[in-house]
Amino acid sequence: MKKDDANHPLRSETYMSYFGTDGIRGKFGVLPITPEFALKLGFAAGKVIKRHSKKAKPVVVMGKDPRLSGYILESALQSGLNAAGVYVHLLGPLPTPAIAHLTRALHANLGIVISASHNPYFDNGIKFFSSEGKKLPDTLQEEINLELENDIFIEDTENLGKSVRVDDAQGRYIEFCKSSFPYHYDLNDLTIVVDCANGAAYHVGPAVFRELGAKVIAIHNEPNGLNINKGCGSTHPESLQKAVVEHKADLGIAFDGDADRVILVDKTGKLIDGDHVLYILATQTQKKPAGIVGTLMSNMALELALEKAGVELLRAKVGDRYVLQGLEEKGWVIGGEPSGHILTLDKSTTGDAIIAALQVLTVMVEQKKALHELVAEFKLLPNVLVNVRLEAMFDPYAVPALVAEFDKAEQQLKGRGRLLIRKSGTEPVIRVMVEGNDLDEVSTLAHTLADAVRANAA
(Lines give C-alpha, C1' and ligand atoms only; values in the text may rest on other atoms or scores of the structure.)
Protein backbone atom coordinates (compact mmCIF):
# COMPACT_ATOMS: atom_id res chain seq x y z
CA MET A 1 0.00 0.00 0.00
CA LYS A 2 1.29 3.44 -0.86
CA LYS A 3 1.13 6.14 1.77
CA ASP A 4 -0.96 8.40 -0.49
CA ASP A 5 -3.65 5.76 -1.09
CA ALA A 6 -6.29 7.42 1.09
CA ASN A 7 -9.03 5.05 -0.02
CA HIS A 8 -7.25 1.86 1.01
CA PRO A 9 -9.45 -0.05 3.53
CA LEU A 10 -6.55 -0.59 5.94
CA ARG A 11 -5.47 3.04 6.04
CA SER A 12 -5.98 4.82 9.37
CA GLU A 13 -7.03 8.46 9.40
CA THR A 14 -5.12 9.16 12.62
CA TYR A 15 -2.74 7.28 14.81
CA MET A 16 -4.32 5.03 17.50
CA SER A 17 -7.43 4.59 15.36
CA TYR A 18 -7.23 0.80 15.57
CA PHE A 19 -6.59 0.63 19.32
CA GLY A 20 -9.37 1.11 21.85
CA THR A 21 -9.05 1.14 25.64
CA ASP A 22 -8.33 -2.58 25.62
CA GLY A 23 -6.52 -3.33 22.36
CA ILE A 24 -8.27 -3.93 19.05
CA ARG A 25 -11.71 -5.52 19.17
CA GLY A 26 -14.69 -6.13 16.89
CA LYS A 27 -16.74 -8.67 15.00
CA PHE A 28 -14.67 -11.35 13.30
CA GLY A 29 -14.64 -10.95 9.53
CA VAL A 30 -15.13 -7.19 9.70
CA LEU A 31 -12.14 -4.84 9.66
CA PRO A 32 -10.01 -4.72 11.68
CA ILE A 33 -10.68 -8.27 12.98
CA THR A 34 -9.87 -10.10 9.75
CA PRO A 35 -7.10 -12.53 8.77
CA GLU A 36 -5.69 -9.99 6.29
CA PHE A 37 -5.45 -7.27 8.92
CA ALA A 38 -4.01 -9.68 11.51
CA LEU A 39 -1.24 -10.61 9.05
CA LYS A 40 -0.34 -6.94 8.55
CA LEU A 41 -0.64 -6.27 12.29
CA GLY A 42 1.73 -9.13 13.11
CA PHE A 43 4.26 -7.85 10.59
CA ALA A 44 3.94 -4.26 11.82
CA ALA A 45 4.28 -5.27 15.47
CA GLY A 46 7.25 -7.45 14.59
CA LYS A 47 9.01 -4.59 12.80
CA VAL A 48 8.46 -2.27 15.75
CA ILE A 49 9.66 -4.83 18.29
CA LYS A 50 12.80 -5.53 16.23
CA ARG A 51 13.46 -1.78 16.09
CA HIS A 52 13.45 -1.59 19.90
CA SER A 53 15.11 -4.93 20.71
CA LYS A 54 18.76 -5.68 21.29
CA LYS A 55 18.10 -9.31 20.30
CA ALA A 56 18.73 -10.36 16.70
CA LYS A 57 15.58 -12.48 16.83
CA PRO A 58 13.09 -10.98 19.32
CA VAL A 59 10.56 -13.30 20.98
CA VAL A 60 6.78 -12.84 21.18
CA VAL A 61 4.51 -15.08 23.29
CA MET A 62 0.95 -15.51 22.07
CA GLY A 63 -2.13 -17.05 23.66
CA LYS A 64 -5.86 -17.02 23.08
CA ASP A 65 -9.26 -17.99 24.37
CA PRO A 66 -11.08 -20.92 22.70
CA ARG A 67 -13.14 -18.98 20.11
CA LEU A 68 -13.03 -20.66 16.70
CA SER A 69 -11.89 -17.45 15.07
CA GLY A 70 -8.91 -17.34 17.41
CA TYR A 71 -7.19 -20.15 15.55
CA ILE A 72 -7.41 -18.19 12.28
CA LEU A 73 -6.15 -14.95 13.82
CA GLU A 74 -3.35 -16.84 15.58
CA SER A 75 -2.10 -18.29 12.29
CA ALA A 76 -2.25 -14.90 10.56
CA LEU A 77 -0.51 -13.05 13.39
CA GLN A 78 2.28 -15.58 13.72
CA SER A 79 2.85 -15.52 9.96
CA GLY A 80 3.22 -11.75 10.03
CA LEU A 81 5.52 -11.86 13.03
CA ASN A 82 7.69 -14.60 11.50
CA ALA A 83 7.87 -12.64 8.24
CA ALA A 84 9.22 -9.69 10.23
CA GLY A 85 11.97 -11.89 11.69
CA VAL A 86 10.40 -12.55 15.10
CA TYR A 87 10.21 -15.86 16.95
CA VAL A 88 6.77 -16.75 18.31
CA HIS A 89 6.11 -18.96 21.33
CA LEU A 90 2.55 -20.31 21.07
CA LEU A 91 0.88 -20.85 24.44
CA GLY A 92 -2.51 -22.13 23.25
CA PRO A 93 -5.78 -21.39 25.12
CA LEU A 94 -4.88 -19.60 28.36
CA PRO A 95 -6.27 -16.72 30.44
CA THR A 96 -5.19 -13.22 29.50
CA PRO A 97 -3.25 -12.77 32.78
CA ALA A 98 -1.37 -16.00 32.03
CA ILE A 99 0.00 -14.43 28.85
CA ALA A 100 1.01 -11.34 30.85
CA HIS A 101 2.86 -13.54 33.36
CA LEU A 102 4.54 -15.75 30.75
CA THR A 103 5.67 -12.71 28.77
CA ARG A 104 7.82 -11.84 31.77
CA ALA A 105 8.70 -15.40 32.77
CA LEU A 106 9.94 -16.31 29.28
CA HIS A 107 11.78 -12.97 28.90
CA ALA A 108 9.80 -12.18 25.77
CA ASN A 109 9.80 -8.79 24.07
CA LEU A 110 6.02 -8.75 23.64
CA GLY A 111 2.91 -10.66 24.66
CA ILE A 112 -0.16 -11.00 22.42
CA VAL A 113 -3.62 -12.10 23.54
CA ILE A 114 -6.34 -13.10 21.06
CA SER A 115 -9.61 -12.67 22.93
CA ALA A 116 -12.76 -10.58 23.13
CA SER A 117 -13.01 -11.18 26.87
CA HIS A 118 -16.68 -11.20 27.96
CA ASN A 119 -18.05 -10.53 24.45
CA PRO A 120 -20.01 -13.15 22.42
CA TYR A 121 -18.23 -15.79 20.32
CA PHE A 122 -18.62 -13.87 17.05
CA ASP A 123 -16.43 -11.05 18.36
CA ASN A 124 -12.70 -11.26 18.83
CA GLY A 125 -9.83 -9.00 19.74
CA ILE A 126 -6.09 -8.57 19.83
CA LYS A 127 -4.19 -6.89 22.63
CA PHE A 128 -0.56 -6.53 23.56
CA PHE A 129 1.54 -6.74 26.71
CA SER A 130 4.95 -5.16 27.16
CA SER A 131 7.99 -7.18 28.20
CA GLU A 132 7.05 -6.30 31.80
CA GLY A 133 3.64 -7.98 31.45
CA LYS A 134 1.82 -4.63 31.46
CA LYS A 135 -0.40 -2.85 28.95
CA LEU A 136 1.63 -1.78 25.92
CA PRO A 137 2.54 1.94 26.16
CA ASP A 138 0.55 4.25 23.91
CA THR A 139 3.75 5.33 22.17
CA LEU A 140 4.40 1.78 20.94
CA GLN A 141 0.78 1.31 19.88
CA GLU A 142 1.08 4.53 17.90
CA GLU A 143 4.29 3.29 16.30
CA ILE A 144 2.59 0.01 15.30
CA ASN A 145 -0.28 2.00 13.79
CA LEU A 146 2.20 4.00 11.72
CA GLU A 147 3.95 0.83 10.59
CA LEU A 148 0.62 -0.56 9.37
CA GLU A 149 0.73 2.05 6.59
CA ASN A 150 3.63 0.19 4.95
CA ASP A 151 3.56 -2.90 2.74
CA ILE A 152 4.82 -6.27 3.93
CA PHE A 153 8.29 -6.54 2.44
CA ILE A 154 10.65 -9.49 3.02
CA GLU A 155 14.22 -8.26 2.87
CA ASP A 156 16.04 -11.57 3.33
CA THR A 157 14.61 -15.06 3.90
CA GLU A 158 17.61 -15.88 6.10
CA ASN A 159 16.20 -13.49 8.69
CA LEU A 160 12.74 -15.01 9.00
CA GLY A 161 11.50 -16.05 12.42
CA LYS A 162 9.74 -19.27 13.33
CA SER A 163 7.06 -20.49 15.73
CA VAL A 164 7.27 -23.09 18.51
CA ARG A 165 4.70 -24.39 20.99
CA VAL A 166 5.30 -24.06 24.73
CA ASP A 167 4.16 -27.44 26.02
CA ASP A 168 4.22 -26.60 29.74
CA ALA A 169 2.51 -23.19 29.58
CA GLN A 170 -0.55 -24.32 31.57
CA GLY A 171 1.55 -25.89 34.32
CA ARG A 172 3.74 -22.81 34.62
CA TYR A 173 0.70 -20.59 35.10
CA ILE A 174 -0.99 -22.94 37.58
CA GLU A 175 2.11 -22.84 39.77
CA PHE A 176 2.29 -19.06 39.48
CA CYS A 177 -1.32 -18.72 40.69
CA LYS A 178 -0.75 -21.09 43.58
CA SER A 179 2.29 -19.07 44.66
CA SER A 180 -0.04 -16.13 45.41
CA PHE A 181 -1.76 -18.19 48.14
CA PRO A 182 0.10 -18.50 51.51
CA TYR A 183 1.99 -21.80 51.59
CA HIS A 184 0.95 -22.50 55.21
CA TYR A 185 -2.78 -22.39 54.31
CA ASP A 186 -4.93 -24.82 52.33
CA LEU A 187 -8.48 -25.13 51.00
CA ASN A 188 -9.10 -28.65 52.29
CA ASP A 189 -12.33 -27.76 54.09
CA LEU A 190 -13.99 -25.94 51.19
CA THR A 191 -16.28 -27.04 48.37
CA ILE A 192 -16.14 -24.61 45.46
CA VAL A 193 -18.20 -24.44 42.28
CA VAL A 194 -16.10 -22.96 39.46
CA ASP A 195 -17.83 -21.53 36.37
CA CYS A 196 -15.25 -21.35 33.58
CA ALA A 197 -17.49 -19.51 31.08
CA ASN A 198 -16.50 -22.11 28.46
CA GLY A 199 -13.47 -19.92 28.10
CA ALA A 200 -9.73 -19.71 28.52
CA ALA A 201 -9.67 -20.91 32.14
CA TYR A 202 -11.60 -24.14 31.46
CA HIS A 203 -8.62 -26.27 32.54
CA VAL A 204 -6.31 -24.13 34.66
CA GLY A 205 -9.08 -22.56 36.78
CA PRO A 206 -10.40 -25.74 38.43
CA ALA A 207 -6.86 -27.17 38.61
CA VAL A 208 -5.54 -24.33 40.79
CA PHE A 209 -8.22 -24.74 43.46
CA ARG A 210 -8.03 -28.56 43.39
CA GLU A 211 -4.28 -28.52 43.86
CA LEU A 212 -4.72 -26.26 46.89
CA GLY A 213 -7.01 -28.87 48.45
CA ALA A 214 -10.55 -27.74 47.63
CA LYS A 215 -13.29 -30.03 46.41
CA VAL A 216 -14.06 -28.46 43.02
CA ILE A 217 -17.24 -28.78 41.00
CA ALA A 218 -16.47 -27.36 37.55
CA ILE A 219 -19.28 -26.11 35.31
CA HIS A 220 -19.26 -24.58 31.82
CA ASN A 221 -15.80 -26.04 31.30
CA GLU A 222 -16.34 -27.65 27.88
CA PRO A 223 -15.61 -24.97 25.27
CA ASN A 224 -16.49 -25.73 21.65
CA GLY A 225 -15.45 -22.39 20.18
CA LEU A 226 -19.02 -21.10 20.00
CA ASN A 227 -20.31 -21.32 23.57
CA ILE A 228 -17.89 -18.92 25.28
CA ASN A 229 -19.76 -16.62 27.73
CA LYS A 230 -23.09 -18.00 26.46
CA GLY A 231 -25.47 -17.98 29.43
CA CYS A 232 -22.58 -18.53 31.83
CA GLY A 233 -19.53 -16.97 33.44
CA SER A 234 -19.22 -13.66 35.26
CA THR A 235 -21.72 -11.90 32.98
CA HIS A 236 -24.40 -14.61 33.44
CA PRO A 237 -23.89 -16.05 36.95
CA GLU A 238 -27.44 -17.43 37.39
CA SER A 239 -26.45 -21.06 36.79
CA LEU A 240 -23.54 -20.68 39.22
CA GLN A 241 -25.86 -19.33 41.91
CA LYS A 242 -28.16 -22.31 41.40
CA ALA A 243 -25.29 -24.82 41.42
CA VAL A 244 -23.80 -23.45 44.66
CA VAL A 245 -27.10 -23.91 46.47
CA GLU A 246 -27.81 -27.34 44.93
CA HIS A 247 -24.37 -28.71 45.81
CA LYS A 248 -24.38 -27.02 49.24
CA ALA A 249 -21.02 -25.55 48.33
CA ASP A 250 -19.18 -23.00 50.42
CA LEU A 251 -18.90 -20.56 47.52
CA GLY A 252 -18.88 -20.20 43.76
CA ILE A 253 -16.35 -18.53 41.47
CA ALA A 254 -17.21 -17.31 37.96
CA PHE A 255 -14.72 -16.15 35.33
CA ASP A 256 -15.34 -14.40 32.04
CA GLY A 257 -14.10 -15.69 28.70
CA ASP A 258 -10.46 -14.71 29.18
CA ALA A 259 -10.44 -14.97 33.00
CA ASP A 260 -9.44 -11.44 33.87
CA ARG A 261 -12.80 -10.87 35.60
CA VAL A 262 -14.19 -12.70 38.60
CA ILE A 263 -17.57 -12.71 40.32
CA LEU A 264 -18.16 -14.73 43.50
CA VAL A 265 -21.26 -16.33 44.98
CA ASP A 266 -21.69 -17.05 48.69
CA LYS A 267 -23.24 -20.25 50.02
CA THR A 268 -26.73 -18.74 49.97
CA GLY A 269 -26.45 -17.93 46.26
CA LYS A 270 -25.90 -14.20 46.76
CA LEU A 271 -23.65 -12.42 44.26
CA ILE A 272 -20.38 -10.96 45.47
CA ASP A 273 -19.18 -8.47 42.83
CA GLY A 274 -16.01 -6.46 42.38
CA ASP A 275 -17.03 -3.83 44.92
CA HIS A 276 -17.51 -6.57 47.53
CA VAL A 277 -14.09 -8.00 46.68
CA LEU A 278 -12.43 -4.59 47.08
CA TYR A 279 -14.25 -4.13 50.39
CA ILE A 280 -12.94 -7.49 51.64
CA LEU A 281 -9.36 -6.86 50.53
CA ALA A 282 -9.37 -3.32 51.93
CA THR A 283 -11.12 -3.78 55.28
CA GLN A 284 -11.13 -7.45 56.31
CA THR A 285 -7.43 -8.26 56.08
CA GLN A 286 -4.92 -8.23 58.92
CA LYS A 287 -3.00 -5.38 57.28
CA LYS A 288 -5.25 -2.74 55.70
CA PRO A 289 -3.93 -0.87 52.64
CA ALA A 290 -3.48 2.90 52.65
CA GLY A 291 -5.85 3.18 49.74
CA ILE A 292 -7.44 1.48 46.76
CA VAL A 293 -8.42 2.58 43.27
CA GLY A 294 -12.00 2.11 42.12
CA THR A 295 -13.78 3.66 39.15
CA LEU A 296 -16.68 5.95 38.40
CA MET A 297 -18.82 2.77 38.49
CA SER A 298 -17.85 1.87 42.07
CA ASN A 299 -20.88 1.90 44.36
CA MET A 300 -21.20 4.80 46.80
CA ALA A 301 -21.47 2.23 49.59
CA LEU A 302 -17.83 1.25 48.97
CA GLU A 303 -16.75 4.85 49.34
CA LEU A 304 -18.60 5.18 52.64
CA ALA A 305 -17.27 1.86 54.00
CA LEU A 306 -13.69 2.73 53.12
CA GLU A 307 -14.03 6.16 54.68
CA LYS A 308 -15.20 4.49 57.90
CA ALA A 309 -12.22 2.10 57.80
CA GLY A 310 -9.75 4.92 57.18
CA VAL A 311 -8.85 3.67 53.69
CA GLU A 312 -8.62 6.22 50.88
CA LEU A 313 -10.54 5.66 47.63
CA LEU A 314 -9.42 7.09 44.30
CA ARG A 315 -12.01 6.95 41.51
CA ALA A 316 -10.46 6.41 38.07
CA LYS A 317 -12.11 6.39 34.67
CA VAL A 318 -13.75 3.09 33.74
CA GLY A 319 -11.26 0.53 32.43
CA ASP A 320 -8.53 -1.51 34.06
CA ARG A 321 -5.95 0.56 32.14
CA TYR A 322 -7.00 3.62 34.19
CA VAL A 323 -7.19 1.66 37.44
CA LEU A 324 -3.60 0.55 36.83
CA GLN A 325 -2.52 4.12 36.11
CA GLY A 326 -4.09 5.27 39.39
CA LEU A 327 -2.37 2.53 41.36
CA GLU A 328 1.02 3.34 39.88
CA GLU A 329 0.57 7.06 40.53
CA LYS A 330 -0.40 6.44 44.16
CA GLY A 331 2.01 3.58 44.79
CA TRP A 332 -0.89 1.33 45.91
CA VAL A 333 -1.48 -2.31 44.98
CA ILE A 334 -5.25 -3.00 45.12
CA GLY A 335 -7.84 -1.71 42.70
CA GLY A 336 -10.67 -2.81 40.48
CA GLU A 337 -14.14 -2.47 39.04
CA PRO A 338 -17.61 -3.76 40.03
CA SER A 339 -17.52 -5.98 36.93
CA GLY A 340 -14.82 -8.07 38.58
CA HIS A 341 -11.60 -6.69 37.11
CA ILE A 342 -9.44 -6.84 40.23
CA LEU A 343 -5.77 -5.85 40.32
CA THR A 344 -3.42 -6.94 43.10
CA LEU A 345 -0.09 -5.57 41.90
CA ASP A 346 1.88 -7.28 44.64
CA LYS A 347 0.78 -10.58 43.07
CA SER A 348 0.36 -9.90 39.34
CA THR A 349 0.95 -7.12 36.81
CA THR A 350 -2.60 -7.19 35.44
CA GLY A 351 -6.15 -8.10 36.41
CA ASP A 352 -6.26 -11.82 37.20
CA ALA A 353 -9.53 -13.56 38.13
CA ILE A 354 -7.91 -16.65 39.63
CA ILE A 355 -5.43 -14.70 41.75
CA ALA A 356 -8.14 -12.26 42.89
CA ALA A 357 -10.31 -15.19 44.01
CA LEU A 358 -7.34 -16.67 45.86
CA GLN A 359 -6.85 -13.42 47.78
CA VAL A 360 -10.46 -13.56 48.98
CA LEU A 361 -10.00 -17.22 49.92
CA THR A 362 -6.87 -16.23 51.84
CA VAL A 363 -8.95 -13.83 53.96
CA MET A 364 -11.60 -16.51 54.53
CA VAL A 365 -9.02 -18.99 55.79
CA GLU A 366 -7.13 -16.32 57.73
CA GLN A 367 -10.26 -15.04 59.49
CA LYS A 368 -11.93 -18.47 59.65
CA LYS A 369 -15.09 -16.94 58.24
CA ALA A 370 -17.50 -17.85 55.48
CA LEU A 371 -17.73 -15.53 52.49
CA HIS A 372 -21.10 -14.10 53.52
CA GLU A 373 -19.69 -13.23 56.95
CA LEU A 374 -16.92 -11.13 55.41
CA VAL A 375 -19.47 -8.85 53.72
CA ALA A 376 -22.19 -8.96 56.37
CA GLU A 377 -21.84 -5.24 57.17
CA PHE A 378 -21.44 -4.12 53.57
CA LYS A 379 -24.69 -3.23 51.80
CA LEU A 380 -24.63 -1.82 48.29
CA LEU A 381 -26.90 1.07 47.46
CA PRO A 382 -29.54 0.09 44.89
CA ASN A 383 -27.95 0.33 41.48
CA VAL A 384 -29.40 -0.36 38.05
CA LEU A 385 -27.24 -0.60 34.94
CA VAL A 386 -28.88 -0.76 31.51
CA ASN A 387 -26.67 -1.49 28.48
CA VAL A 388 -28.05 0.09 25.32
CA ARG A 389 -26.63 -1.77 22.31
CA LEU A 390 -26.42 0.33 19.15
CA GLU A 391 -25.89 -0.18 15.46
CA ALA A 392 -23.37 2.66 15.55
CA MET A 393 -21.86 4.51 18.51
CA PHE A 394 -22.72 8.15 19.14
CA ASP A 395 -22.06 10.67 21.90
CA PRO A 396 -25.21 11.03 24.03
CA TYR A 397 -23.93 14.32 25.45
CA ALA A 398 -23.91 15.79 21.93
CA VAL A 399 -27.72 15.53 21.84
CA PRO A 400 -29.34 18.49 23.68
CA ALA A 401 -32.59 16.58 24.33
CA LEU A 402 -30.65 13.81 26.08
CA VAL A 403 -28.56 16.25 28.09
CA ALA A 404 -31.79 17.82 29.34
CA GLU A 405 -33.07 14.37 30.42
CA PHE A 406 -29.80 13.64 32.23
CA ASP A 407 -29.85 16.99 34.04
CA LYS A 408 -33.44 16.41 35.13
CA ALA A 409 -32.54 12.97 36.56
CA GLU A 410 -29.52 14.36 38.41
CA GLN A 411 -31.66 17.03 40.05
CA GLN A 412 -34.16 14.37 41.11
CA LEU A 413 -31.36 12.30 42.73
CA LYS A 414 -29.48 15.22 44.24
CA GLY A 415 -28.09 14.29 47.64
CA ARG A 416 -29.52 10.75 47.47
CA GLY A 417 -27.77 9.13 44.54
CA ARG A 418 -25.93 9.60 41.29
CA LEU A 419 -26.15 9.11 37.54
CA LEU A 420 -23.45 7.88 35.15
CA ILE A 421 -23.84 7.72 31.37
CA ARG A 422 -20.83 6.44 29.45
CA LYS A 423 -19.79 4.87 26.17
CA SER A 424 -18.23 1.41 26.26
CA GLY A 425 -14.62 1.33 25.12
CA THR A 426 -14.89 -2.17 23.65
CA GLU A 427 -18.28 -2.47 21.94
CA PRO A 428 -21.09 -0.25 20.50
CA VAL A 429 -22.87 0.08 23.82
CA ILE A 430 -23.91 3.06 25.94
CA ARG A 431 -24.13 2.21 29.63
CA VAL A 432 -26.80 3.95 31.68
CA MET A 433 -26.23 3.63 35.41
CA VAL A 434 -28.44 5.06 38.13
CA GLU A 435 -27.69 4.67 41.84
CA GLY A 436 -29.68 5.78 44.85
CA ASN A 437 -31.42 4.83 48.07
CA ASP A 438 -34.73 3.81 46.49
CA LEU A 439 -34.66 0.79 44.15
CA ASP A 440 -38.00 1.51 42.46
CA GLU A 441 -36.99 5.07 41.69
CA VAL A 442 -33.55 4.01 40.47
CA SER A 443 -34.96 1.30 38.19
CA THR A 444 -37.58 3.59 36.69
CA LEU A 445 -35.03 6.32 35.99
CA ALA A 446 -32.49 3.92 34.46
CA HIS A 447 -34.96 2.39 32.03
CA THR A 448 -36.51 5.75 31.16
CA LEU A 449 -33.09 7.19 30.32
CA ALA A 450 -32.09 4.06 28.38
CA ASP A 451 -35.27 4.36 26.29
CA ALA A 452 -34.41 7.98 25.62
CA VAL A 453 -30.92 6.99 24.42
CA ARG A 454 -32.38 4.35 22.09
CA ALA A 455 -34.91 6.81 20.68
CA ASN A 456 -32.23 9.39 19.92
CA ALA A 457 -29.94 6.78 18.33
CA ALA A 458 -32.55 5.76 15.75
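Student: Why is leucine 39 called partly exposed?

Tutor: Leucine 39 has a relative accessible area of 33%. Buried means under 20% relative accessible area, exposed over 50%, and partly exposed in between, with a 1.4 Å probe and protein chains only. Leucine 39 is therefore partly exposed. The model is predicted, so local features need pLDDT of at least 70 and side-chain atom pairs count only at pLDDT 80 or more, while totals for chains, interfaces and linings use all residues. Residues are numbered from 1 along each chain as its sequence is written, and side-chain values use heavy atoms, with hydrogens and water left out.

Student: Where is leucine 39 placed?

Tutor: Leucine 39 is in helix 1 (residues 35–52). Helices (H or I, at least four residues) and strands (E, at least two) are DSSP runs, numbered from the N terminus.

Student: Why is threonine 96 called buried?

Tutor: Its relative accessibility is 2%, and the limit for buried is under 20%. Threonine 96 therefore counts as buried. This residue is found in helix 3 (residues 96–105).

Student: With which residues is threonine 96 in contact, leaving aside its neighbours within four places in sequence?

Tutor: They are Val113, Lys127, Phe129 and Asp258, where contact means heavy atoms within 4.5 Å.

Student: What makes strand 12 largely enclosed by the rest of the structure?

Tutor: In strand 12 (residues 291–295), 5 of the 5 residues are buried, so the strand is largely enclosed. Gly291, Val293 and Thr295 point one way, Ile292 and Gly294 the other way, and all are buried.

Student: What makes the contact of lysine 135 with aspartate 320 a salt bridge?

Tutor: A salt bridge is a side-chain nitrogen of Lys or Arg within 4 Å of a carboxyl oxygen of Asp or Glu. The closest N and O atoms of lysine 135 and aspartate 320 are 3.5 Å apart, so the pair qualifies. Lysine 135 lies in the loop between strand 5 (123–129) and helix 4 (138–147), and aspartate 320 in helix 10 (residues 320–330), 185 residues apart. Both residues are buried.

Student: Why does the salt bridge of glutamate 441 and arginine 416 tie together parts that are 25 residues apart in sequence?

Tutor: The two side chains meet at 2.9 Å, N to O. Glutamate 441 lies in helix 14 (residues 439–457) and arginine 416 in the loop between helix 13 (400–413) and strand 17 (417–423), so the pair joins these parts.

Student: Which residues have the most contacts inside the largest nonpolar core?

Tutor: They are Ile192, Phe209, Ile253, Phe255 and Leu361, in a core of 67 residues. Its largest share, 10 residues, comes from helix 11 (residues 353–367). A nonpolar core is a set of buried Ala, Val, Leu, Ile, Met, Phe, Trp, Tyr and Cys residues joined through side-chain atoms within 4.5 Å.
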